[in-house]
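Morning, everyone. Please bring up the sequence and the model side by side, and we'll walk through a few places.

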Amino acid sequence: MTKIVSRFAPSPTGYLHIGGARTALFSWLLARAAGGEFRLRIEDTDRERSTQEATDAIIDSMKWLGLEHDGEIVFQSARADRHNEVIDRLIESGHAYYCRCSKEDVDAMREKAMKEGRKPKYDSTCREKGLTEGVVRLKAPQDGATGFDDMVKGFISVENSEMDDMILRRTDGTPTYNLAVVVDDHDMGVNHVLRGDDHVNNTPRQILIYKALGWDIPRFGHVPMILGPDKKKLSKRHGALSVMEYEKMGYLPEAVTNYLARLGWSHGDQELFTMEEMVKLFSTDNLGNSPSVFDLTKFEWVNGQYMQKADPERLAGLLCDFLAREVGEEEAGAVSKADFARIAPLLQPRAKSILDMLEQSRPFIVDAPFLPYDEAAVKKFLTDETKPLLEDIADRIEALAEFTEQSLEDLHRGFLEEKDIKFKVIAQPIRVAIVGKTQSPGLFETMMVLGKEQTLARMRRAVEL
C-alpha cells in the first residue's frame, strides 16, 4: 500500500487565519492517521505581497498548534527553474504552445463568445501556429470530460470544452499558479491533496497538467468554508483572526485544534478530543460537505474544558508569561510561578482563557494595601453593621493555632451559631474584604491561597474602609 503524503501550502501574503489552520489540521490528520507524511510548502511566488514576517508567523502558528511537518520546508520561489524546465518539456512534447495574443485580444474573444451564447474563453487562435515566443499555454483536450472522485464532495466532472488552454508561463518568464502547484506536489511526492473548496475549479485544470506530463494524479478533497454566526463569510468580527491572535488572547492550542476539527468533522456525538484521539479516529469519510459555523461561545466553552483539565504548573507558567507581556519582566518577577501554581487550581473551574484567569488572579497577586475595591460593593457590604462582625472574625482567625480550610470552616460555623445569624450575612462582606469584589472562588479556599497574613491584613484594611 502506498504511503499517504499530504501537504499544506499557504501563501505568506498574510498571517495564517483560522480557516487556513483548519485546512492544515485536516491535511495533517489525514497523513498522521495513516502513518504517512505531512509536508509544508510556502507558496511565496507573489514577491510584491509575500513577506518574511508572514512566513515566520505561519511557521510559528503551525508549531504552536502542534502540526509538525516532515522534511524540510519547501519554498516555491526557489523552484522557478524547475517549473520552467517542466514547461519546456511540455512544449517539446507537443502538450503546450506559445501564444502571442494580447490581453485585449483575449478579452475580445470572450466578449464575442458571450454575445454568441458560448462560454467566454480563449479560442485557441495560436494553438497550431508553431510560434516560438509569447506566453505558454497548455494544449488541453477539446472534447470529453475531466473528472475526479473528491474525498469530500464525491465525483466531480467538468466538460473539457468548458476549459480553455490555460497559461502556464507568462511573458516575463514566471510560471503560473496551477503549473507550479502540480510540479511541486509531484516532486514532493504528494499523493493526497486536502484543501479548501475555493480550489475546486483549479483541480480539473491541474489534472490536465498531470495527464500531459504522464504523472500520477493525487487524490483530491475540498472542505467547505467556515461561516460566521450570520451564515456569511467568516470575518474578523466573527473570529477570523490569525492563529497567533488566539495565542495572545490566552487560548490553549489543544482547544483550538479540537474546536477546528469539529468544524466539519465528527465522530458520533463526541465533542472533546485529544490530538491522539483525533489521529486514531480521523477519516475523510466523516468530513462534512456543508459549510460550518464558527460559534465563539462554543469555542470558549471548549477552551474552558481544557483549562479545567490542564496541569496547574503549566497554567502557572503561562500566567507568568502573560503577566510579563503586560507589565514587563522585572515587575512581573514579583509574582513567582509557585504563586500562580497555588492560585490556578482555585480559578480553573471558571476561567475561559489564560487572560481571563490572569484577570481573576489579580486580587491574589497584590499586597493588601494595594488591593483595589469595587466601590459599589464596598458601599453595599462594608457597612457600620458588618464592621464589628469582620473585626470579631479577624480576631478569631488571628488566634487560630492552625490555619487550615477545616479550621476556618469550624471557626465560621461556631461564629454563626454564637451570633445566631445566617452565613449570607457575613459571606459577601468577607468576600469584598479579601478580594475587593463580590465574586470569588470559595471563601475558605481563597483564604488558604492568600495565607493567614494576607487574609488578616485585608480584613483589617476593610474594617478601616
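Start at E128. You'll find E128 in the loop between α4 and β5, residues 135-138. Keep in mind that this is a predicted model. Is E128 buried or exposed? E128 is exposed, at 63% relative accessibility; the cut-off for exposed is over 50%.

Now the annotation. The unreviewed UniProt entry lists a "binding site" that covers C99, C101, C126 and E128. These residues span 30 residues in sequence, but no two of their C-alpha atoms are more than 13.2 Å apart, so they gather at one spot.

Next, C101. C101 lies in the loop between β4, residues 96-99, and α4, residues 103-115. C101 has a relative accessible area of 17%, so C101 counts as buried, since buried means under 20%. What does C101 touch, leaving out residues up to four places away in sequence? The contacts are V106, M109, Y122, T125 and C126.

On to helix α8, residues 253-262. Eight of its ten residues are buried. Among them are P253, Y259 and L260. The buried residues of α8 pack against several elements, including α1, α2, α10 and α11. After α8 comes G264, with a positive phi near 120 degrees.

Last stop, helix α20, residues 452-464. α20 has 13 residues and reaches 19 Å from first C-alpha to last, close to the expected 18 Å. Its buried residues include L456, M459 and V463. The buried residues of α20 pack against α16, α18 and α19.

That's the tour. Over to you.

Note on methods
Residues numbered from 1 in each chain as written. Predicted model: local features only at pLDDT ≥ 70, side-chain atom pairs only at ≥ 80, totals over all residues. Heavy atoms only, no water. Helix = DSSP H or I, 4+ residues; strand = E, 2+ residues; numbered from the N terminus. Expected span 1.5 Å × (residues − 1). Buried < 20%, exposed > 50% of the residue type's maximum accessible area, 1.4 Å probe, protein only. Contact = heavy atoms within 4.5 Å. UniProt positions renumbered as here; feature names shortened; annotations may be inferred.
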